[in-house]
Amino acid sequence: MNVYDSGQILKMMHCENYKSTSSFVTADLIIVNTCAIREKAVQKVYSFLGRLRGLKKKNADLIIVVAGCVAQQQGIKLVERFPHIDIVLGTHAVYQLPDLIHEVKIKRHFIVETKMSDHIDEMDSAGNMPAQASEASSEISGFVTIMRGCDNYCTYCVVPYVRGREVSRKPELIVSEIENLVHGGVKEVTLLGQNVNSYGVKEGLTSFPDLLALVNKIKGLDRIRFVTSHPKDLSKQLIEAFGKLDKLCNHIHLPVQSGSNRILKKMNRKYTRESYLEKIEKLRDVSPQIAITTDIIVGFPGETDYDFEQTIDLIKTVRFDGLYAFEYSDRPEVPATRFSDKIVSDIKKERLQSLFKLQANVVSKKHQSLEGRIFPVLIEGTSKKQQKKNSASTSIEICGRTSENRIVNFDCPSHWGLDIDSLKGQIIDIKIEKIFSNSLWGVPIDKQISKAGALN
Ligand code: SAH
Ligand code: SF4
């Protein structure tokens, strides 16, 4: 979501004739987009803002903007701590940024804008998002926010406080934004929301599975992804969409957070491990090869060894294709911060390490089973390894993703004469020959090579 917001900010600033630069020293404007989800992220923001102090001393005309969730949460306190900040841009004020910059240039005084609004589409029209999004881009994958905020109030989570109430965008605006992205060369879109499963419910709009069906009809779009699904709201209709919609990728991110019913209750997640496992089974009934990834918090207040064992047991049962795990961290305002029985840091670290070890094992076995299989891979560009190689090298390593979101690299020998830019965005069948912990390596199926070449 922050990547999407940063993209929107960049587009707005380009319209204001600003150009991106990789050098802080020559910048006239620095926008720091922030995340408040865990303590570590906030600490990073503070240390970065501290480093900007010297730049402002050297260049009094430099404008420093802090955007995102830390801006929303801290407001004026940020300017008190870092007086070199010019604008604190709350999460609902993103589209006011160009106006605020003009204002700050005239007033020569800092501005804090952290008001929250319930009208998401007003923000869109102010920012003329669809028109800006149509610019051609070198990306073949794009993000589109379909809703903002969250009404779930999980007891550990700051999102409802810093992003506000849940509001869904109108389907026609979403579809037109995606059409514009596709027009600019995008082949894959990821629909974003804190809980996409409750899309449109409050406003009586199209349901999320119906929205997916609308997006599925967009010509020129090849793949659809979405994040995040709350397990409590994962409907039968959405599960069935995986069997029906040809563009919907074979992957779901379904954060479980804990395998213990007692902890899930304390987290206010409103599902049980049993109901979660039942939904996993239904997903696999509809799509046996579906990749399932998750988020887990270790060391939630009161988490006993037994509770943690339940999480380990759930990981062994589900065999996730990937997981993001975090040590629980107190956030200002949220209920869990006031819970007793906090878990000491050493235990949290130990639990996190044993969880990662188990998961590495699960993924390694899963990857072994993929050897020799053929997957359609959407080509994203040259691989990370290729980017480090010198230009005299005889082969080019290309990187793409399977529908299950696995990274696949493969060699495209230079004598094929294929231009990487023309390969980007194409879907090519790749046979998996080698496996690594975070990626796969394969070879293109012969007939596909000539097909790709012919498309040049
Ligand atoms: N809307 C998504 C999650 C968004 S936050 C959902 O409902 O799953 C992304 C992840 O950050 C969460 O899934 C959770 O695992 C983690 N997280 C959130 N608050 C946290 C906290 N206080 N401490 C540690 N991890 C946290
Ligand atoms: Fe946070 Fe996600 Fe829970 Fe909303 S559903 S409160 S974003 S963890």
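Two strands count as paired if DSSP finds at least two bridges between them, and strands here are DSSP runs of E, at least two residues long, while helices are runs of H or I, at least four residues long, all numbered from the N terminus. Hold on to that, everyone, and let's look at the model.

A few ground rules. This is a predicted model, in which local features need pLDDT of at least 70 and side-chain atom pairs count only at pLDDT 80 or more, while totals for chains, interfaces and linings use all residues. Residues are numbered from 1 along each chain as its sequence is written, chains are lettered from A and ligands numbered from 1 in the order in which they are written, and side-chain values use heavy atoms, leaving out hydrogens and water.

Now the overall picture. The protein has 18 helices and 17 strands. Its C-alpha atoms fill a box of roughly 65 × 55 × 45 Å along the principal axes. The domain assignment, which is automatic or from a database, gives domain 1 (2-113), domain 2 (121-368) and domain 3 (374-444). Between domain 1 and domain 3, the C-alpha centres are 37 Å apart.

How many bridges join β11 to β12? Six, and the two strands, residues 291-298 and 322-327, run parallel. From β11 the chain passes through helix α14 (residues 305-318) to β12, a right-handed β-α-β crossover. Right-handed means that, with the strands pointing away from the viewer, the path from the first strand over the helix to the second runs clockwise.

Next, two backbone details. Most residues other than glycine have a negative phi, and most peptide bonds are trans. Where does Tyr 153 sit? It lies in the loop between β6 (147-148) and α8 (159-163), and its phi is positive, near 50 degrees. Then there is a cis peptide bond joining Val 227 and Thr 228, with omega about -5 degrees. Thr 228 belongs to the loop between β9 (223-227) and α11 (236-244).
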